[in-house]
Amino acid sequence: MQEVNFDEALAQILAKDARYHHDAYHFVREALDFTQKQATKDSKRPHHVTGQQLLAGIREFALQQFGPMCLTVFEEWGVRNCQDFGEIVFNMVEIGLLART
């Protein structure tokens, strides 16, 4: 199976759904990596992350990255609630950037 290039896939996503800024997709990818690392500290193996865990990881990662400006940054990206993060994840799954379990 051919690996999907993130930037090419992101361009396809944005062509179909321009609700969210491209930085929001990069942030979600980084937040997922952050969350998986947090979840696998003990087991040392890659670990499936639930939606609830991802949202908690997004919150923690955003606070580390943006501090009290989190909501302002999210608003600029078109992200106004948790469902928007879910939409971003589903767009990434649909194009093959993330696996769905």
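Trainee: Let's start with Arg59. Buried or exposed?

Mentor: Exposed, with a relative accessible area of 58% for Arg59. The cut-offs are under 20% relative accessible area for buried, over 50% for exposed, and partly exposed in between, with a 1.4 Å probe and protein chains only. Before we go on, this is a predicted model: local features need pLDDT of at least 70, side-chain atom pairs count only at pLDDT 80 or more, and totals for chains, interfaces and linings use all residues. Residues are numbered from 1 along each chain as its sequence is written, and side-chain values use heavy atoms, with hydrogens and water left out.

Trainee: Which helix holds Arg59?

Mentor: Helix H3. Helices are DSSP runs (H or I, at least four residues), strands likewise (E, at least two), numbered from the N terminus.

Trainee: Switching to charges. How many salt bridges are there in the whole structure?

Mentor: Four, from a search of the whole structure. The criterion is a side-chain nitrogen of Lys or Arg within 4 Å of a carboxyl oxygen of Asp or Glu. As background, side chains of opposite charge can pair when their charged atoms come close.

Trainee: What does Lys16 pair with?

Mentor: Glu94, with the closest N and O atoms 3.0 Å apart. That pair links distant parts of the chain: Lys16 is in H1 (residues 6-16) and Glu94 in helix H5 (residues 82-95), 78 residues apart. Lys16 and Glu94 are both exposed.

Trainee: What about Glu87, which side chain does it meet?

Mentor: Arg19, in a salt bridge of 3.2 Å from N to O. Glu87 lies in H5 and Arg19 in the loop between H1 and helix H2 (22-39), so the pair ties together parts that are 68 residues apart in sequence. Glu87 is partly exposed at 26% relative accessible area. Arg19 is partly exposed too, at 45%.

Trainee: Which residues are linked with Glu87 in a network?

Mentor: Asp17 and Arg19 join Glu87 in a network of salt bridges.

Trainee: Where does Asp17 sit?

Mentor: In the loop between H1 and H2. Asp17 is buried, with a relative accessible area of 12%.

Trainee: What does the Asp17 side chain make a polar contact with?

Mentor: The side chain of Asn91, at 3.0 Å. A polar contact is a pair of N or O atoms within 3.5 Å; within protein, one must be able to donate a hydrogen and the other to accept it, and residues adjacent in sequence count only if both atoms are side-chain atoms. Leaving aside neighbours within four places in sequence, Asp17 is in contact (heavy atoms within 4.5 Å) with Tyr25 and Asn91.

Trainee: Which residue does Arg80 bridge to?

Mentor: Glu75, with 3.3 Å between the closest N and O atoms. Arg80 counts as exposed at 53% relative accessibility. Glu75 is partly exposed at 42%.

Trainee: Now pockets. How much space lies in the largest pocket?

Mentor: About 490 Å³. The search runs on a 1 Å grid over the protein atoms alone; a pocket is an open set of points where a 1.4 Å probe fits, with protein on both sides within 12 Å along at least five of seven lines, and lining residues have an atom within 4 Å of a point. Of its 20 lining residues, the closest to the centre of the largest pocket are His48, Val49, Leu54, Val89 and Ala99.

Trainee: Which element gives the most to that lining?

Mentor: H5, with six residues. H2, H3 (51-66) and H5 each supply at least two.

Trainee: And the second largest pocket, how much space lies there?

Mentor: About 260 Å³. Of the 14 residues lining the second largest pocket, Ile58, Leu71, Phe74, Cys82 and Phe85 are the closest to its centre. H3, helix H4 (70-77) and H5 give two or more residues each. H3 gives the most to that lining, with five.

Notes: Points joined across faces, edges and corners; volume = space filled by probe spheres on them.
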